[in-house]
Amino acid sequence: FYGNGTYLLFSLPALLLAGYGAYRGRSRPLVRFWGVEVVASTLLAMGTVGGLYIIAYYLLPGMKSFHDPARFMLLAVFGLACLASIGMRLLRDSGIGTGGRLSLLALSLANLWWFSAHINPTLEPAAFRYRPRALALAPMAGDGRLLTAQRERIWERYLNYDDYGP
């Protein structure tokens, strides 16, 4: 979940289906694996708040290279998708007909479409060609590199890892 109450490109019906699959198939090793993967990835994605990221940061080699713990949420979403597919299969095995499963799928797709319709607004192509006046003397993309003696100051101002903001 994001702070404003919206959920991360995973529809609510699919999330409920993943919960159903995790509950009904909890004795299966594959369901337990994906359940642990979802919980561990979510805790890693929470960064210092989750606690698991701090432990992994100091114990796992190479973990210090991951500057953004929220990337682990991709693994959690993938695990939820696997659990939702297991839940759909369990619905089929319990006798829910094809029409019921297709309507659940259509509800999930409609929910995703409604949620994601506001994420990617369209822009005119001219907006991508805009260059600020301060960059008038800078080379165009692909014409070379822009070297500056103030690399560290620019890095600290725009690309530091101290604060990711809200």
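Where does pLDDT stay under 50 in this chain? Hi everyone, let's start there. This is a predicted model, and pLDDT stays under 50 over residues 1-8. For that stretch, the model has 9 contacts beyond four places in sequence.

Now the chain as a whole. The mean pLDDT is 78, and 70% of the residues reach 70 or more. Confidence is highest in helix α2, residues 29-45, with a mean of 94. It is lowest in helix α6, residues 151-158, where the mean is 66.

Next, please look at helix α4, residues 73-93.

Staying with α4, let's go to its end. Arginine 92 and aspartate 93 meet through their side chains in a salt bridge, at 3.3 Å from N to O. The count for the model comes to 1 salt bridge. Arginine 92 is partly exposed, because its relative accessible area is 40%, which falls between the 20% and 50% cut-offs. After α4 comes glycine 95, with a positive phi near 105°.

Last stop, the surface. Ile54, Ile55, Tyr58, Leu59 and Leu60 form a nonpolar patch there, and together they have about 550 Å² of accessible area. Tyrosine 58 lies in helix α3, residues 52-59. Is tyrosine 58 buried or exposed? Tyrosine 58 counts as exposed, because its relative accessibility is 59%. Thanks, everyone!

Note on methods
Residues are numbered from 1 along each chain as its sequence is written. This is a predicted model: local features need pLDDT of at least 70, side-chain atom pairs count only at pLDDT 80 or more; totals for chains, interfaces and linings use all residues. Side-chain values use heavy atoms; hydrogens and water are left out. Patches are made of residues with over 30% relative accessible area and no salt bridge: like charges are joined within 9 Å, nonpolar side chains (Val, Leu, Ile, Met, Phe, Trp, Tyr) within 5 Å. Accessible areas come from the Shrake-Rupley method with a 1.4 Å probe; for residues, only the protein chains shown count as cover. A salt bridge is a side-chain nitrogen of Lys or Arg within 4 Å of a carboxyl oxygen of Asp or Glu. Helices (H or I, at least four residues) and strands (E, at least two) are DSSP runs, numbered from the N terminus. Buried means under 20% relative accessible area, exposed over 50%, partly exposed in between (1.4 Å probe, protein chains only). pLDDT is the predictor's confidence in each residue, from 0 to 100. Contact means heavy atoms within 4.5 Å.
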